[in-house]
Amino acid sequence: MPAESLRWETLEALKNSTKGKLKYNPDWLEKGEDILDGCNGSPSLSPLSGLILKRLSTRPLQKTRSLCSPSRDTSPGLSEEEPLSSSLPTSPYQTLLSPASPRAASLLTLSSPPDSSLKQDDKQEEDDEQREADLSPVANPTPPPAISLMSPKATQVAGFIRICEEKHRAKAKAELNRRVELQERLVATVAGLESEQLKRFEELMELKQRQEFQSMRDMLDKEAQESLGRQEKLKEEHQKRIKILNLRLREAEQQRVREAELERQRQAEGRERLRALNAVQEEVLQLHQLLEPNTALDHAAIITRANQLCSQVSEVVRTTAEGEFPSVEDMVVVERALQDMRGLVRELQQQEAQETERRRRQQEEEEQRRQQEELQAQQELEKKNAANAAKEKAKKRGLQNSADESTLKWFRELQEAANQCAQSFEDLNSTKDMQTKKVRMELQKAATIPVSQISSVSGSKLREVFDKIDKLLSGRPVVSGGKSVSTSLHPHGLEFVSYKLAEKFVKQGEEEVASHHEAAFPIAVVASGVWELHPRVGDLILAHLHKKCPYAVPYYPPMKEGTSVEDYQRILGYRVEDSGVEAQDSFLKRMSGMIRLYAAIILLRWPYTNKQGPDPHGLSHGWRWLAQMLNMEPLADVTATLLFDFLEVCGHELLKQYQGQFWKLLFLIKDDYFPRIEAVTSTGQMGSVMRLKQFLENALRTKQIPPPKGQLASGFWRT
């Protein structure tokens with residue numbers, strides 16, 4: 001092949017060049033070394049070339065000398081100073097391996113085996129020398145003289161070396177040829193792959209161009225179809241809009257016709273409502289004229305309401321006078337005003353009838369009262385004589401059977417004021433008008449619900465309850481049940497609210513305080529604050545309290561002639577029903593609750609008041625009650641219970657206020673009055689007596705009376 005001959009010529013030229021000699025090792029491929037690594041460095045002989053030449057030149061001489069002179073020792077080698085040409089004959093092998101021969105130099109640089117092969121050959125030669133030395137009979141340390149002839153053994157070895165070198169050269173040449181062929185195949189394969197990849201790339205680019213062209217065509221087709229579809233839709237939408245516009249035009253025409261018809265109907269209805277409005281105004285004015293002659297009576301609220309109704313109707317009429325027809329809402333307002341005016345006329349007529357009937361009854365009652373007064377004058381004279389006799393007898397005994405005259409007068413004045421207050425709003429209770437009944441229920445709820453909430457609140461919530469009651473009694477509107485309520489809703493709304501409020505305070509003492517003694521203090525502090533700002537409510541509280549618990553006066557009502565037992569028990573404070581009179585324990589429990597409430601009112605004062613001065617019903621009234629109670633004969637079970645409850649609530653503050661006088665009073669109770677209580681108390685009623693006795697003994701023994709438990713829990717309430 002031409003290429004192969006050129007390569008060999010190139011290699012031969014490189015081998016004979018002046019820059020150096022290439023060396024080849026067949027183990028380079030196995031070690032992964034590059035064949036041309038030797039070209040990168042400067043050209044030089046192998047470091048083992050001298051050793052190889054020395055060994056190759058000295059080994060045959062040694063063997064020959066050992067054969068010719070058996071008596072001498074074998075020398076390890078010849079001296080380096082001796083020239084090979086003087087001792088050895090010229091031979092092809094020596095000429096080939098001579099350092100001066102260019103062929104030997106090229107052979108050493110190109111065909112010498114690697115270090116590992118040399119080491120293996122040296123080891124083998126050393127083993128041969130060792131065996132030869134063992135065969136030598138005598139070892140001669142002195143080197144033999146130079147011999148000019150080679151032995152057959154050396155010649156044989158040189159031949160073997162030449163053969164071996166030829167084998168290695170052939171092997172290296174075959175390996176190089178194999179690698180060249182492999183490289184050519186690799187180059188051909190790479191060139192084929194590159195051409196195939198180039199073809200595939202060209203095919204891929206062509207495919208992409210075709211795909212892009214196809215996608216562009218598809219997109220254009222799609223856009224064309226979409227534009228056609230849009231045009232069709234626009235045509236359809238245009239047609240629909242034309243239809244819709246036609247329909248709207250027809251509907252607008254129909255709407256115009258309907259509106260014209262409705263306008264005619266509205267005008268007709270407006271004129272009809274205007275005629276009805278004029279008729280209503282005429283009737284309202286006529287009804288108002290019916291009310292005017294009765295202005296002499298105390299019906300200012302009715303007249304005011306009638307004027308308001310007339311103003312409402314006039315306002316509607318004034319609106320229509322400007323050229324407008326009255327609306328349906330205006331007619332509803334006018335009709336309601338007409339109905340209210342008719343109701344006012346009926347109410348006024350009922351009040352006139354009631355007034356006439358009341359006057360008639362009053363005249364009859366005055367006649368009967370005159371007769372009864374004459375009869376009572378005689379009875380009073382007899383009773384006075386009997387009372388004087390009883391007083392004389394009581395003075396001898398040291399105690400009274402009834403309260404003194406000033407206390408009884410105070411009691412009667414309070415009851416009379418309460419009766420007058422109840423009579424002032426009698427029409428509110430007896431009315432049949434639904435609107436008035438609704439007002440009455442709203443006022444009653446606004447007065448009683450806050451009092452019912454007192455026992456379960458404290459602090460700022462208690463102040464909110466007080467402010468709500470104060471606003472209601474001051475005539476300002478309050479919210480109750482989601483509605484705005486005021487005493488101005490009725491002419492006698494204030495009297496009604498005051499009466500119901502006082503009644504509810506006493507009822508809370510009768511029920512709530514009787515079950516929970518600590519509840520007396522929050523209820524009492526609110527009642528005291530209301531009493532201070534609205535004294536009339538305080539008088540009504542006392543009136544209700546004295547009526548339900550006469551022992552709060554203190555007063556023991558006598559049984560009058562002609563009074564039944566049930567009525568007398570009611571006067572004493574018992575509850576009498578169809579099933580009979582309530583049990584003694586229940587009666588004492590209610591009396592205890594009301595006395596505790598009364599004592600707490602005496603004890604406490606509203607802490608947020610702005611008024612200066614004494615408490616309207618303070619500790620002086622407690623001292624008066626206690627002194628009058630001790631001046632009257634004790635009642636079995638009642639006196640001991642009430643004394644214990646009163647002293648337990650007010651004892652601590654009375655002791656601070658009166659000090660020595662109060663201790664004298666306690667000693668009087670223990671030494672003089674308590675034996676009287678024990679004398680009138682039966683064996684089965686000693687529970688309250690024992691509680692009073694234990695209280696007195698503890699107070700006199702410890703020289704102090706603890707404050708009530710509920711007052712300590714509330715904290716800030718003080719007189």
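A: Glu653 counts as buried, with a relative accessibility of 6%; buried means under 20% relative accessible area, exposed over 50%, and partly exposed in between, with a 1.4 Å probe and protein chains only. The model is a predicted one, in which local features need pLDDT of at least 70 and side-chain atom pairs count only at pLDDT 80 or more, while totals for chains, interfaces and linings use all residues. Residues are numbered from 1 along each chain as its sequence is written, and side-chain values use heavy atoms, with hydrogens and water left out.

The partner of Glu653 is Lys656, and the closest N and O atoms of this salt bridge are 3.9 Å apart; a salt bridge is a side-chain nitrogen of Lys or Arg within 4 Å of a carboxyl oxygen of Asp or Glu. Both residues belong to helix 21 (residues 638-658), where they are three residues apart, about one turn of the helix; helices (H or I, at least four residues) are DSSP runs numbered from the N terminus. An α-helix has 3.6 residues a turn, so residues three or four places apart point the same way. Lys656, at 43% relative accessibility, is partly exposed. Elsewhere, salt bridges that share partners join Glu510, Lys548, Arg575, Glu582 and Arg590 into one network.

A second pair is formed by Glu175 and Arg178, whose closest N and O atoms are 2.3 Å apart. These two residues are three residues apart in helix 8 (residues 152-291), and are thus separated by about one helical turn. Arg178 is partly exposed, with 38% relative accessibility.

Another salt bridge links the side chains of Arg605 and Glu532, at 2.8 Å from N to O. Arg605 lies in the loop between helix 19 (584-603) and helix 20 (619-630), and Glu532 in helix 16, so this pair ties together parts that are 73 residues apart in sequence. Arg605 is buried at 17% relative accessibility, and Glu532 is buried at 7%.

Helix 16 (residues 520-533) has 14 residues and reaches 20 Å from its first C-alpha to its last, close to the 20 Å expected at 1.5 Å a residue; the expected span is 1.5 Å times one less than the number of residues. Because 13 of its 14 residues are buried, helix 16 is largely enclosed by the rest of the structure.

Over the whole structure, the search finds 32 salt bridges.
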